[in-house]
Amino acid sequence: MKFTEEHEWLEIEDDLVVVGITAHAAEQLGDIVFVELPEEGRECTKDEEVVVIESVKAASDILAPLDGEIVEVNESIVADPGKVNEDPEGDAWFFKMKIEDLSVLDELMDEKAYKAFIS
């Protein structure tokens, strides 16, 4: 798993990158009550707003961590946003992206670096 400074996690699954938010981010947001996901097939650029999350505390945007195409979204978290609080780094992933060069993930933080970043 790799991590961004925006508290997203990324994991390679086959030739796709699965993206979600970290447990730390879910905890900071509080109880999540609404998730709006991007359209499948959407081309996005790094740092573009692609997901809207609302919690009892605040509304927040999730930015695209990389350039690529959204090829799958996790509809189960739209139907039950609380899943993001329950399993943020597992079943409550947000979307899967197809990117041209998986080596760009090497520039992101590993788990040890992310834990140091949030401490």
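**Thr22**

I started at Thr22, which sits in the loop between E3 and helix H1 (23-29). Helices (H or I, at least four residues) and strands (E, at least two) are DSSP runs here, numbered from the N terminus. The model is predicted, so local features need pLDDT of at least 70 and side-chain atom pairs count only at pLDDT 80 or more, while totals for chains, interfaces and linings use all residues. Residues are numbered from 1 along each chain as its sequence is written, and side-chain values use heavy atoms, with hydrogens and water left out.

Is Thr22 buried or exposed? Thr22 is buried, because its relative accessible area is 0%. My cut-offs: buried is under 20% relative accessible area, exposed is over 50%, and partly exposed is in between (1.4 Å probe, protein chains only). I then listed the contacts of Thr22, skipping neighbours within four places in sequence: Phe3, His7, Glu8, Trp9, Pro88, Glu89 and Tyr114. Contact means heavy atoms within 4.5 Å.

**Met97**

Next I went to Met97, in strand E9 (residues 95-98). Met97 counts as buried because its relative accessibility is 0%. Residues up to four places away in sequence aside, Met97 touches Leu16, Val17, Val19, Cys44, Pro65, Leu66, Asp67, Gly68, Glu69, Ile70 and Val71. I also checked Met97 against Leu10: the two are 87 residues apart in sequence, and their C-alpha atoms are 9.9 Å apart in space.

**Salt bridges**

How many salt bridges does a search of the whole structure find? I got six. The criterion is a side-chain nitrogen of Lys or Arg within 4 Å of a carboxyl oxygen of Asp or Glu.

I looked at Lys98 and Asp15, whose side chains meet in a salt bridge at 3.2 Å, N to O. Lys98 is in strand E9 and Asp15 is in the loop between strand E2 (8-13) and strand E3 (16-21), so this pair ties together parts 83 residues apart in sequence. Lys98 is partly exposed, at a relative accessible area of 41%. Asp15 is partly exposed too, with a relative accessible area of 41%.

Then I took Lys96 and Glu72, a salt bridge in which the closest N and O atoms are 3.8 Å apart. This one links distant parts of the chain, with Lys96 in strand E9 and Glu72 in strand E8, 24 residues apart. Salt bridges that share partners join Glu13, Glu72 and Lys96 into one network. I noted that Lys96 counts as buried, at 9% relative accessibility, whereas Glu72 counts as partly exposed at 32%.

Lys46 also forms a salt bridge, with Asp47, where the closest N and O atoms are 3.6 Å apart. Lys46 is partly exposed at 46% relative accessibility.

**Positive phi**

Asp47 came up again when I went through the backbone angles: its phi is positive, about 75 degrees, although Asp47 is not a glycine. I flagged that because most residues other than glycine have a negative phi. Asp47 lies in the loop between strand E5 (43-44) and E6, and counts as partly exposed at 44% relative accessibility.

Which value does phi of Asp14 take? I read a positive value near 55 degrees, again in a residue other than glycine. Asp14 is in the loop between E2 and E3. Asp14 is exposed, because its relative accessible area is 71%.

**Surface patches**

Last, I looked for patches. These are made of residues with over 30% relative accessible area and no salt bridge; like charges are joined within 9 Å, and nonpolar side chains (Val, Leu, Ile, Met, Phe, Trp, Tyr) within 5 Å. I used Shrake-Rupley accessible areas with a 1.4 Å probe.

Which residues make the patch of negative charge? I found Glu43, Asp67, Glu100, Asp101, Asp106 and Glu107 gathered there on the surface. Asp and Glu count as negative, Lys and Arg as positive, and His and the chain ends are not counted. For the place of a charge I took NZ of Lys, CZ of Arg, CG of Asp or CD of Glu. Asp67 had already turned up among the residues touched by Met97. Asp67 is in the loop between strand E7 (59-63) and strand E8 (68-73), and is partly exposed at 48% relative accessibility.

The nonpolar patch I noted is made by Val33, Phe34 and Val56, and covers about 270 Å². Val56 has its place in the loop between strand E6 (49-55) and E7. Val56 counts as exposed, because its relative accessibility is 60%.
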